[in-house]
Amino acid sequence: MITTPNGDDFKAMIEDAPEAIIVYDFKTFLYLNPFAAGKLGADSASLIGQPIMDFVHPDSRPLVVERLRQLAATGTAGQAMDIRFVSRSGDDIPAALVSGPIT
């Protein structure tokens with residue numbers, strides 16, 4: 001039997017996920033689970049409201065800009081793509097970007 005998790009179960013699942021989960025508004029971070037924030041070298045609260053592009057590696061910025069444009073234009077998720085982020089300490093963070101709209 002499959003059951004739908006309640007809000008608390010869903011929040012715990014996201015908070016404890018061993019994958020980076022980030023919610024953004026095309027410009028700034030709105031939410032980062034602890035795994036994502038840790039990869040970027042900070043805590044979630046200090047990253048909320050920060051510009052996303054400050055953490056996207058310069059080589060990956062054109063790809064991310066195009067993904068954001070596509071998402072805004074079509075409202076659909078694109079294929080996974082390999083990009084790189086940069087942590088606060090300057091570490092290079094390879095990532096597979098999967099994105100889609102949420103409301």
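This is a predicted model: local features need pLDDT of at least 70, side-chain atom pairs count only at pLDDT 80 or more; totals for chains, interfaces and linings use all residues.
Biologist: What makes the lining of the largest pocket nonpolar, polar or charged, residue by residue?

Modeller: Ala, Val, Leu, Ile, Met, Phe, Trp, Tyr, Cys and Pro count as nonpolar, and the lining divides into 26 nonpolar, two polar and three charged residues. The pocket has a volume of about 840 Å³, and its 31 lining residues include I21, I22, Y24, L97 and V98, which lie nearest its centre. The largest share of the lining, five residues, comes from β4, while β1, β2, α2, α4 and β3 are among the elements that each supply at least two.

Biologist: Why is the set that includes F29, L32 and F85 called a nonpolar core?

Modeller: A nonpolar core needs buried residues of the listed nonpolar types, joined through side-chain atoms within 4.5 Å, so the 17 residues of this set, the largest such core, carry the name. β2, α2, α4, β3 and β4 each supply at least two of its residues, and β3 gives the most, with three. L47, one of the residues with the most contacts inside the core, touches F29, L32, A37, L40, A42, F55 and R88, leaving aside residues up to four places away in sequence.

Biologist: How do you know that β3 and β4 pair?

Modeller: Two strands pair if there are at least two bridges between them, and six bridges join β3 to β4, so these two strands, which run antiparallel, are paired. R84 has P94 in β4 as its bridge partner. The two strands form a hairpin with five residues between them, and G90 in the turn has a positive phi of about 95°.

Key. Residues are numbered from 1 along each chain as its sequence is written. Side-chain values use heavy atoms; hydrogens and water are left out. On a 1 Å grid over the protein atoms alone, a cavity is a set of points where a 1.4 Å probe fits but cannot get out, and a pocket is an open set with protein on both sides within 12 Å along at least five of seven lines; lining residues have an atom within 4 Å of a point. Grid points are joined across faces, edges and corners, and a volume is the space filled by probe spheres set on the points. Helices (H or I, at least four residues) and strands (E, at least two) are DSSP runs, numbered from the N terminus. Buried means under 20% relative accessible area, exposed over 50%, partly exposed in between (1.4 Å probe, protein chains only). Contact means heavy atoms within 4.5 Å.
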